[in-house]
Amino acid sequence: MDPTILASLGLVIVLGLVLRPSKHDPREPPFLASRVPAIGHLIAFVVYGLRYFATQSAKTRVPAFSIDMLFNKVYVINSPKLVAAIRRNHRTMSLDPLFTRTAQCVGGIHGPGLQLLRGKESQGQGLGHATTAALRPALLGEGLDQLNRKMIGYLSKSVEQLKSRGTVDLYDWCTLAMTLASTEPIYGPMNPYSDSNAREAYWELEKNLSFLMMGVAPWLIARKAWKGREYLSRAFLQYYQADGHLNSSQLAYARWKTQHDGGAALEDIARLEAAMGLGILSNTVPSSFWAIFDIFSRPALLQEIRDEIWQNALSVTTEGVHTVDLADVQERCPLLLASFQEMLRLRSNSLQLRVIYEDTMLDDSYLVKAGSIIVIPASVINRDEAAWGADADAFNPQQFISTAAGEKRQKASAYMSFGSSPHICAGRHFATGEIVALLTMLILQFEIRPVAGEWVEPPTNVNAVAASLSPPLGQTSVTITERPEVEGVKWDFRLTPGRGRHGLIIG
Ligand code: HEM
């Protein structure tokens with residue numbers, strides 16, 4: 001670790017010792033001490049990233065435990081039953097403080113602009129919540145159809161280009177293809193991410209996010225991430241000044257209009273939009289990589305999915321054009337959608353946070369105190385054996401196929417990969433449509449083989465803390481070749497409007 005980072009961590013730690021959390025009440029979840037009091041868990045989180053809580057949970061094997069993390073007491077939740085209790089008590093806790101902190105540390109929004117965004121529970125004006133609420137309808141119905149139509153066009157183009165590429169780094173390729181397929185439909189012809197410098201700026205920000213989120217002298221301890229966010233915020237400011245949002249999507253327009261009508265300055269709107277990249281890209285890109293990895297590294301599964309799509313979603317016109325309606329893939333190819341959901345179940349490291357406003361009893365068994373934070377590690381809940389069986393750690397897409405209603409409910413309560421109500425992922429249908437479309441195009445047209453001969457799981461970047469599926473580190477070189485059976489075939493991928501929603505299990 002860089003010495004300036006260490007020095008700054010030292011400063012945060014000293015501040016934290018002054019503001020230690022309150023005494024432990026016996027009704028609270030049991031306390032888990034760290035070897036280094038007050039700061040041990042924080043340092044371990046910075047070093048090990050999102051997986052740290054899951055390893056602690058595995059050690060304790062209790063439904064919930066408490067830890068000190070500098071300024072705050074944190075309750076780590078390990079049981080789906082307590083997740084349901086948290087959902088029921090959503091009025092005494094909120095995600096808003098995390099949103100505000102992200103706007104401040106990632107967006108660089110301060111002063112009255114931040115006060116506008118802050119939740120009403122924290123004496124702000126609630127514009128952040130309103131901006132997220134405005135985005136939800138724009139990711140359903142006509143807004144979703146509009147995005148999907150353009151997204152399929154961009155993806156088809158990127159996939160077509162693979163025919164002349166041969167060997168690629170799989171993660172680099174996914175990053176470019178998915179960044180364009182996601183942001184071009186959202187931001188329209190003046191999309192800031194069309195510029196490679198803006199894309200680079202975003203990924204620098206994302207890769208080093210844990211340092212930026214500390215919020216201490218970012219120009220010093222998170223220099224690359226800080227420079228990235230400043231570049232991207234300027235690019236978005238120019239976008240709004242040139243009226244790019246007036247010719248974009250329902251999503252981009254609704255977010256701009258809500259903030260504009262709420263009194264936000266254009267510079268702050270631009271800064272918040274730079275931070276929105278975390279919602280749009282940070283999960284979609286690694287999810288696409290891991291979905292390809294998990295399916296192509298299992299030849300029998302790959303063949304079964306290929307046959308499924310071929311039989312249920314493909315038609316050939318009299319001119320020989322192979323046409324695939326992606327709505328048919330969603331509705332008639334259960335193994336593909338199940339494999340995607342199973343990949344998310346096993347690979348999600350998402351940590352769902354809630355800040356508690358009022359002392360609350362969870363399920364009549366644990367007291368959680370006002371001012372503390374709840375953390376729900378998806379990687380623990382998603383492997384709950386009561387819901388997923390004794391082999392909950394094994395990759396088994398059948399978990400999501402032909403499940404009886406009662407069992408489906410139990411699985412839904414133990415599936416955190418798209419979050420938990422009332423903060424279920426707003427972009428889940430768009431993201432799922434995008435990844436299912438990408439997989440369909442690749443599975444039908446190509447063989448993908450690792451240059452090294454065997455699929456070897458790469459190490460991951462623990463500092464990309466917005467990514468609930470950690471991105472791989474280093475290169476994953478693969479050779480992509482057109483399948484001889486379909487060489488020279490003309491393809492037409494489309495999605496019937498109104499059929500863009502997926503039957504996903506959500507928590
Ligand atoms: C495979 C891709 C994706 C995954 C795995 C994913 C996962 C998640 C998770 C776990 C949460 C819950 C956060 C929490 O409770 O703390 C969430 C929330 C959210 N996601 Fe996604 N996401 C994906 C793609 C997207 C996309 C493409 C968008 C936007 C276009 C998006 C927009 C959002 C928003 C706005 C929220 C916050 C909802 C709220 O606070 O009410 N997501 N996502």
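Visitor: Which residue stands opposite T167 in β12?

Guide: T479 stands there. Keep in mind that this is a predicted model. T167 belongs to strand β4, residues 167-169, and β12 spans residues 477-482.

Visitor: What makes β4 and β12 a pair?

Guide: The bridge count does. A pair needs at least two bridges. Three bridges join β4 to β12, so the two strands pair. They run antiparallel.

Visitor: What makes β11 and β12 a pair?

Guide: The cut-off is again at least two bridges. Five bridges join β11, residues 446-450, to β12, so they count as paired too. These strands also run antiparallel.

Visitor: Which residue of β12 stands opposite F446?

Guide: E482 does.

Visitor: Why is Q123 called exposed?

Guide: Exposed means over 50% relative accessible area. Q123 has 64%, so Q123 is exposed. Q123 sits in the loop between α6 (111-117) and α7 (127-138).

Visitor: Why is A217 called partly exposed rather than buried or exposed?

Guide: Buried means under 20%, and exposed means over 50%. A217 has 23% relative accessibility. That value lies in between, so A217 is partly exposed. A217 also has a positive phi, near 35°, and is not a glycine. A217 is found in the loop between α11 (209-212) and α12 (218-221).

Visitor: What makes the peptide bond from S421 to P422 cis?

Guide: Look at omega, which is near 5° for this bond. P422 lies in the loop between α22 (405-413) and α23 (428-445).

Visitor: How many residues line the second largest pocket, and which lie nearest its centre?

Guide: The lining has 18 residues. A58, R61, V380, R383 and D384 lie nearest the centre. Two elements give two or more residues to this lining: α3 (51-60) and α20 (378-381). The largest share, five residues, comes from α3. The space in this pocket is about 560 Å³.

Note on methods. Residues are numbered from 1 along each chain as its sequence is written. This is a predicted model: local features need pLDDT of at least 70, side-chain atom pairs count only at pLDDT 80 or more; totals for chains, interfaces and linings use all residues. Side-chain values use heavy atoms; hydrogens and water are left out. Helices (H or I, at least four residues) and strands (E, at least two) are DSSP runs, numbered from the N terminus. On a 1 Å grid over the protein atoms alone, a cavity is a set of points where a 1.4 Å probe fits but cannot get out, and a pocket is an open set with protein on both sides within 12 Å along at least five of seven lines; lining residues have an atom within 4 Å of a point. Grid points are joined across faces, edges and corners, and a volume is the space filled by probe spheres set on the points. Buried means under 20% relative accessible area, exposed over 50%, partly exposed in between (1.4 Å probe, protein chains only).
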